[in-house]
Protein chains: 2
Amino acid sequence: MRDVARMAQVSTMTVSRALTDPAKVSPDVRARVAEAVRAVGYVPNKLAGSLSSSRSRIIGLVVPSIENSLFASTVQGISDVLRRHGHQLMIADSGYSMEAEEAAIRAFLEQRVAGLILHDTTHTPAAVEMIKRSGVPVVENGTLVPEPLDMVVSYSNHDAAKAMTLHLARLGYRRIGFVSLHAATNARSRDRQVGYRAALEEAGLPFDPALMLEMPPGLASGAEALLRLMDSAAPPDAIFFAGDVLAMGASLECARRGWPVPGKVAIAAFDNFDLLGHLVPPVTTLKLPRLEIGRRSAEVLLDRIQGRSSAPVSVDLRFEIIHRAST
Amino acid sequence: MRDVARMAQVSTMTVSRALTDPAKVSPDVRARVAEAVRAVGYVPNKLAGSLSSSRSRIIGLVVPSIENSLFASTVQGISDVLRRHGHQLMIADSGYSMEAEEAAIRAFLEQRVAGLILHDTTHTPAAVEMIKRSGVPVVENGTLVPEPLDMVVSYSNHDAAKAMTLHLARLGYRRIGFVSLHAATNARSRDRQVGYRAALEEAGLPFDPALMLEMPPGLASGAEALLRLMDSAAPPDAIFFAGDVLAMGASLECARRGWPVPGKVAIAAFDNFDLLGHLVPPVTTLKLPRLEIGRRSAEVLLDRIQGRSSAPVSVDLRFEIIHRAST
DNA sequence: CGGCCATGAGTTACCGATACCAGAAATACG
DNA sequence: CGTATTTCTGGTATCGGTAACTCATGGCCG
């Protein structure tokens with residue numbers, strides 16, 4: 001920057017102003033600085049800038065898994081909004097572990113990020129402590145937490161699972177199976193289970209533990225869950241797959257075996273993969289606002305960072321049931 | 001840090017050493033510093049550290065689209081390796097535009113990243129110029145470029161497309177259709193087209209322009225390509241879908257119409273989505289080393305950054321043909 | 001016409017770490 | 001036992017910007 005200043009015959013301070021707040025500098029000087037910047041090939045050092053102003057334009061994001069396409073649209077939404085506002089995105093992957101999440105959060109705070117977005121909603125005490133002390137604004141994404149760290153942007157996993165279960169009940173299904181990921185380690189699965197049971201109660205259907213399964217994620221896992229449930233003495237007439245690609249695995253397994261859906265068993269899914277609508281038969285599913293979650297998360301975070309708001313926001317985004325031929 | 005130094009009764013210099021290179025400090029002092037760090041809740045400022053040492057542990061990654069699950073495993077591979085080595089990942093999304101890529105690169109250089117990974121292999125002149133001047137090491141990923149900026153880690157799109165086309169020819173198919181993304185804007189598609197034609201020639205099959213289609217990405221797009229090719233006067237007996245989820249869309253369309261595969265037409269895919277193996281019938285595809293590309297990219301980049309190598313590496317990773325019932 | 005304020009540019013002091021050099025203490029060695 | 005080395009620790013300058021303040025200029029007002 002010193003070179004630029006010398007070449008433009010001004011002080012470094014003026015160069016700094018010409019670049020960050022051009023309105024404060026006369027057009028003449030502005031032009032000279034711009035020319036010098038080009039001539040020197042000057043690339044500002046944001047590290048120094050952030051250090052000096054103690055303001056950074058970096059947002060840290062922690063997702064359980066980068067590879068999982070469910071999170072991809074949320075990340076895309078965040079990235080879109082941040083880019084429009086000239087901010088950068090740092091991503092870390094917790095591998096579904098709270099300890100790894102804590103490490104990622106620490107690394108982000110060391111980089112002095114301007115804000116954090118966390119997909120998970122349960123954290124280690126140390127992580128919570130660090131965040132509180134740092135005063136960095138945070139958005140949580142996974143589910144509508146009753147006591148958020150700061151801000152939340154999500155839909156209600158509980159309500160969504162309940163709505164779909166009730167939908168099945170209204171269609172006349174009486175033995176509705178429920179397959180989800182392991183609830184002990186996953187707040188989202190927990191919420192969905194509770195929603196499922198709430199719906200059963202509301203519909204006046206008995207809860208049968210034999211109809212509720214927890215599986216690891218994956219296509220094969222969905223197929224296995226299907227077979228296990230259908231092999232039992234009193235098989236379900238509908239199954240609600242509330243996790244990852246489980247429903248897809250199950251649907252494809254039915255196709256392989258030639259089982260009529262919903263003739264033999266109805267299938268409903270939680271996630272709105274495009275693909276579910278293209279299977280034969282197309283699968284009834286919930287449409288979740290994944291992209292919107294990303295966008296809104298970035299927006300509320302930026303609002304806070306730029307001082308346009310201070311209240312701890314909680315955004316409840318709407319889901320939708322897409323009824324298709326599988327139920 | 002000053003607080004920590006005071007509390008541990010040492011200079012800031014010693015605190016710095018105790019944290020970055022503990023071996024250089026006596027065990028006694030090391031313990032006092034550690035204790036003080038805990039007591040104060042000290043979080044080091046990497047911004048200041050990087051500025052001072054002109055070394056950062058941040059890697060910048062530019063992908064065409066974050067949402068596209070094809071890139072997700074590569075990102076995962078990068079993230080895994082970086083985390084193991086205590087580095088951070090910044091991601092930007094170019095939306096398949098060279099100008100946006102240039103902007104992302106500029107932003108990364110302003111943050112003084114230690115290295116860059118670019119998925120695309122064609123860049124604006126300004127971007128190339130900036131990178132060269134900065135001296136930051138770069139890995140390109142999209143395809144094996146003849147004249148890389150610096151390092152390349154990829155498989156050969158040309159060879160892969162050629163291998164699959166030859167595979168189809170050897171199976172006895174004579175009119176092999178080819179569907180890819182728009183080649184004018186995508187070096188990968190271009191390489192694949194060339195590979196396809198090279199294979200036809202090698203197999204002694206005529207090239208029929210009517211059998212070659214360019215489509216936008218997407219499930220629906222694949223279905224449409226299928227119908228267009230099959231509706232023609234001389235339909236193909238096999239179609240090789242060399243882009244995104246095109247093959248999946250086509251396969252599902254066949255299922256919907258009840259067309260036997262490969263009875264009516266054989267289908268082969270380029271991308272190794274899990275799902276392709278679970279469709280009915282399972283689809284023949286190429287197995288591409290996506291995760292490995294990410295890992296190796298991060299590894300060669302770190303090697304360079306840590307001075308363990310200096311040569312411009314070019315890593316050619318192997319692909320594999322997964323033969324399934326669809327051909 | 002004097003005083004006041006808005007505008008544009010410069011000066012100086014940091015931001016919070018590390019590099020580099022130097023000095024003190026501890027250890028080694030002939 | 002004196003000197004040569006190593007090991008540990010501290011002082012100071014500096015990385016490349018920005019905040020906060022100062023100062024000169026010029027237009028506007030009563």
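**Exercise 1. How do two helices of chain B cross?**

At roughly what angle do the axes of helix α5 (residues 69-84) of chain B and helix α12 (residues 290-305) of chain B cross, and within what distance do they come?

*Solution.* Begin with the conventions: this is a predicted model, in which local features need pLDDT of at least 70 and side-chain atom pairs count only at pLDDT 80 or more, while totals for chains, interfaces and linings use all residues. Residues are numbered from 1 along each chain as its sequence is written, chains are lettered from A and ligands numbered from 1 in the order in which they are written, and side-chain values use heavy atoms, with hydrogens and water left out.

Step 1. Find the two helices, remembering that helices (H or I, at least four residues) and strands (E, at least two) are DSSP runs numbered from the N terminus.

Step 2. Two packed helices are described by the angle between their axes and the distance between the axes. Axes are lines fitted to C-alpha atoms, for helices over the stretch in contact, and angles run from 0 to 180 degrees between N-to-C directions. For α5(B) and α12(B), the axes come within 7 Å and cross at roughly 35°.

Step 3. Decide the handedness, which is left-handed if the near helix is turned anticlockwise from the far one by less than a right angle, and right-handed if clockwise. The crossing of α5(B) with α12(B) is right-handed.

Step 4. List residues in contact (heavy atoms within 4.5 Å). On the side of α5(B) they include B:Leu70, B:Ile78 and B:Val81, and on the side of α12(B) they include B:Leu291, B:Ala298 and B:Leu302. The residues of this contact of α5(B) with α12(B) comprise 8 nonpolar, 5 polar and 3 charged, where Ala, Val, Leu, Ile, Met, Phe, Trp, Tyr, Cys and Pro count as nonpolar, Asp, Glu, Lys and Arg as charged, and the others, Gly among them, as polar.

**Exercise 2. Describe the crossing of α10 and α11 in chain A.**

*Solution.* Step 1. The axes of helix α10 (residues 219-230) of chain A and α11(A) come within 6 Å, crossing at roughly 65°, and α10(A) passes α11(A) in a right-handed crossing.

Step 1. Among the residues that meet are A:Leu219, A:Leu226 and A:Leu227 in α10(A), together with A:Leu246, A:Met248 and A:Leu252 in α11(A). By class, the contact of α10(A) with α11(A) holds 9 nonpolar, 3 polar and 2 charged residues.

**Exercise 3. Describe the protein surface near DNA strand C.**

*Solution.* Step 1. A residue is near a strand if one of its heavy atoms lies within 4 Å of it. DNA strand C is surrounded by 24 residues, of which the closest are A:Thr14, A:Val29, B:Ser16, B:Ser52 and B:Arg55. Of the atoms of DNA strand C that come within 4 Å of the protein, 61% belong to sugar and phosphate.

Step 1. Ask which elements contribute: α2 (12-20) and α4 (46-53) of chain A, and α2 (12-20) and α4 (46-53) of chain B, each supply at least two residues, and the largest share, 5 residues, comes from α4(B). The surface near DNA strand C has 12 nonpolar, 10 polar and 2 charged residues.

Step 2. Look for polar contacts (pairs of N or O atoms within 3.5 Å; within protein, one must be able to donate a hydrogen and the other to accept it, and residues adjacent in sequence count only if both atoms are side-chain atoms). At a base oxygen of DNA strand C, a backbone N or O atom of A:Ser52 lies 3.4 Å away.

**Exercise 4. Carry out the analysis for DNA strand D.**

*Solution.* Step 1. DNA strand D has 23 residues around it, and the closest are A:Met1, A:Ser16, A:Arg55, B:Thr14 and B:Val29. The surface near DNA strand D receives the most from α4(A), with 4 residues, and its classes are 11 nonpolar, 10 polar and 2 charged.

Step 1. Phosphate oxygens of DNA strand D are approached by a polar side-chain atom of B:Thr14, at 2.5 Å, and by an N or O atom in the side chain of B:Ser26, at 2.9 Å. A backbone N or O atom of B:Ser52 lies 3.5 Å from a base oxygen of DNA strand D.
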